[in-house]
Amino acid sequence: MPILTIQTNVPKSEIPEDFLKVTASLVAEILRKPLSYVLVQINPDQLLSWGGGTGRCGHAELNSIGNLGKEENIALSKQLSSHFEKTLKIPSEKMYIKFEDLKKENVGYAGTTFAGI
C-alpha cells in the first residue's frame, strides 16, 4: 500500500504526461510491492522556497507497510532523487524525502485494515 506524495513548485505544465504511471511502477519495483496497491500523488505549482530562493525544489513523503528501514531508505532516497532529478529537473539537494513505515492495523482498505487481509 505504498503512498508517495510529492509537493513541488514545478509548474503543472512541466510534469511529464506519464509521470504518475512511471513513478508508480518505480515505487512498486523498489519496494517489492504490487503495483495495484501503489498510490502516487503530485501537487505541482506549490509556493515553495528553498534557502530563500525560488528555484525548483520539493518534498516527498513515502508511506509503506514494511520494506522501509535504515539501509532501505538510503537506497530509496538515491533512486527516488535520481528519478525526480531526471523527470522533474529538481536537483537532489533541493528535495527532502520523508519515509514512514506504517503498522498494518493503522491503514484502512476495502472496509477493513491491512491487519485483517
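This report describes aromatic ring pairs and a charged surface patch in one structure. The model is predicted.

**Aromatic pairs**

A search of the whole structure finds 4 aromatic pairs. One of them joins Tyr37 and Tyr109 in an edge-to-face arrangement, with 5.6 Å from centre to centre and 80° between the planes. Tyr37 belongs to the loop between α1 (19-31) and β2 (39-43), while Tyr109 is part of strand β5 (residues 108-109), so this contact ties together parts that are 72 residues apart in sequence.

Tyr109 also pairs with Phe114: the ring centres are 5.2 Å apart and the planes meet at 15°, so this pair is stacked. Planes under 30 degrees apart count as stacked, whereas those over 60 count as edge-to-face. Through these ring pairs, Tyr37, Tyr109 and Phe114 are linked into a cluster.

| Residue | Relative accessible area | Class |
|---|---|---|
| Tyr37 | 30% | partly exposed |
| Tyr109 | 38% | partly exposed |
| Phe114 | 13% | buried |

Phe114 counts as buried because its relative accessibility of 13% falls under the 20% limit.

Two or more residues of the patch come from each of the elements α2 (70-88) and β4 (95-101). Asp101 is located in strand β4, and with a relative accessibility of 44% Asp101 is classed as partly exposed.

Terms used:
Residues numbered from 1 in each chain as written. Predicted model: local features only at pLDDT ≥ 70, side-chain atom pairs only at ≥ 80, totals over all residues. Heavy atoms only, no water. Phe/Tyr/Trp six-rings, centres within 6.5 Å; stacked < 30°, edge-to-face > 60°. Helix = DSSP H or I, 4+ residues; strand = E, 2+ residues; numbered from the N terminus. Buried < 20%, exposed > 50% of the residue type's maximum accessible area, 1.4 Å probe, protein only.
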